[in-house]
Amino acid sequence: MPIAFVTDSTADIPQELAHAYSISVVPTILVLNGQNLEDGNGIARDEFYHLLPNLKTLPTTASPSAGSYMKAYEHLLTNGYDQVVSVHLSSILSGAINIARTGAQRFNGRVHHVDSEQLSMGIGYQVLAGAEAAQQGASLDQVLHVITETRARVRVFAMLNSLEYVRRSGRITWAEASIAELLQFKPFLTLRNGAAVRHGEARSRSKGIQRLYKILRDLGPLERLAILHTNPDTDARQMAAEFAAQVSLPPIVIQATPVIGTHLGPNGLGFAAVVR
């Protein structure tokens, strides 16, 4: 029973891995200067993060349409796959999973939706774990179990350069952002039960990086690790090298999609890890 996998571009799965495991990635929408751009088309990530601090109007984002998901499912189910597992950004952060369910209505229960309760490679590692299991002959129930088990071991943390972009996207109050900006804190966020929550702060970037290192080191041996950044990548590559010995597989460095970066802002640094 061949099983296909679908996610959207907020999963940040590198193209080479998506290709290797035949994972279909539906592009999320970035609305920039009045233009609707499919994530991955129209503006390069480097260019986006260069422009972001100088934009007077913050870009907005939108989930893929139900029709986009329907086309992805239809293509797979008419080209040799019996079932589709569709893994999505946390339902607390986005309505994408409900839109995807609408796009699957005509396929008579052959599409199975999963709320990752995560973002970026916190989603991506769940998709990859499921796809690897499917390639090894796992059944649908076994694949869904592997995804659930992986989700329980995923840890995502990020140090933001500022709360300004989170505030402008409506995630926290004006007062909280103003105080943090005044004190120049570098806030930390993590995902807990699908929600983005504060996890303390540091008074400088250098202290913040030290704290991020400690959080990651305290997780112990890791199965997988992605270092995430919203420009520049120097700190990210140094962090990947620092923790290479702690991971079963070589760490990867990922410049987060603009759809995530719009809400987190430039110069952020973080990681997605799967603990052993």
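How many residues does the largest nonpolar core have, and which residues have the most contacts inside it?

Analyst: This is a predicted model, so local features are reported only at pLDDT of at least 70 and side-chain atom pairs only at pLDDT 80 or more, whereas totals for chains, interfaces and linings use all residues. Residues are numbered from 1 along each chain as its sequence is written, and side-chain values use heavy atoms, with hydrogens and water left out.

A nonpolar core here is a set of buried Ala, Val, Leu, Ile, Met, Phe, Trp, Tyr and Cys residues joined through side-chain atoms within 4.5 Å. Buried means under 20% relative accessible area, exposed means over 50%, and partly exposed is in between (1.4 Å probe, protein chains only). Helices (H or I, at least four residues) and strands (E, at least two) are DSSP runs numbered from the N terminus.

The largest core has 30 residues, and F5, I23, V85, M121 and V143 have the most contacts inside it. At least two core residues come from each of strand 1, strand 6, helix 5 (121–135), helix 6 (140–153), strand 8 (154–159), strand 11 (222–229) and strand 13 (269–275). Helix 5 contributes the most, with seven residues. Another core lies apart from this one; it has 21 residues, including I209, L216, A240 and F271.

M121 can be followed through its contacts (heavy atoms within 4.5 Å). Setting aside neighbours within four places in sequence, M121 touches A11, D12, I13, P14, L128, A226, L228, I252, I254 and A272.

Strands count as paired if DSSP finds at least two bridges between them. Strand 1 runs parallel to strand 6 (residues 83–88), with four bridges joining the two, and F5 stands opposite V85 there. Strand 1 also runs parallel to strand 2 (residues 23–26), again joined by four bridges, and in that pairing F5 stands opposite I23. From strand 1 the chain passes through helix 1 (residues 15–20) to strand 2, in a right-handed β-α-β crossover. Right-handed means that, with the strands pointing away from the viewer, the path from the first strand over the helix to the second runs clockwise.

Strand 11, which also supplies the core, pairs with strand 12 (residues 252–255) in the parallel sense over four bridges. I227 stands opposite V253 of strand 12. The β-α-β crossover from strand 11 through helix 10 (residues 234–242) to strand 12 is right-handed.

The loop between strand 11 and helix 10 holds N231 and P232. A cis peptide bond joins N231 to P232, with omega about -20 degrees. N231 also has a positive phi, near 75 degrees, though it is a residue other than glycine. Most residues other than glycine have a negative phi, and most peptide bonds are trans. N231 counts as buried, at 16% relative accessibility. N267 is likewise not a glycine and has a positive phi of about 65 degrees. N267 sits in the loop between helix 11 (258–264) and strand 13 and is partly exposed, at 28% relative accessible area.

Aromatic rings are the last part of the picture. Rings of Phe, Tyr and Trp (its six-membered ring) pair if their centres lie within 6.5 Å; planes under 30 degrees apart are stacked, over 60 edge-to-face, and the rest tilted. The structure holds five such pairs. One of them is Y69 with Y73, stacked at 6.2 Å centre to centre and 20 degrees between the planes. Y69 and Y73 are four residues apart in helix 3 (residues 66–77), so about one helical turn separates them. Y69 is buried, at 0% relative accessible area, and Y73 is buried at 0% as well. F157 and F271 form a tilted pair, because their ring centres are 5.6 Å apart and their planes lie at 35 degrees. With F157 in strand 8 and F271 in strand 13, this pair ties together parts 114 residues apart in sequence. F157 and F271 are both buried. Y69 and Y73 also form one aromatic cluster with F107.
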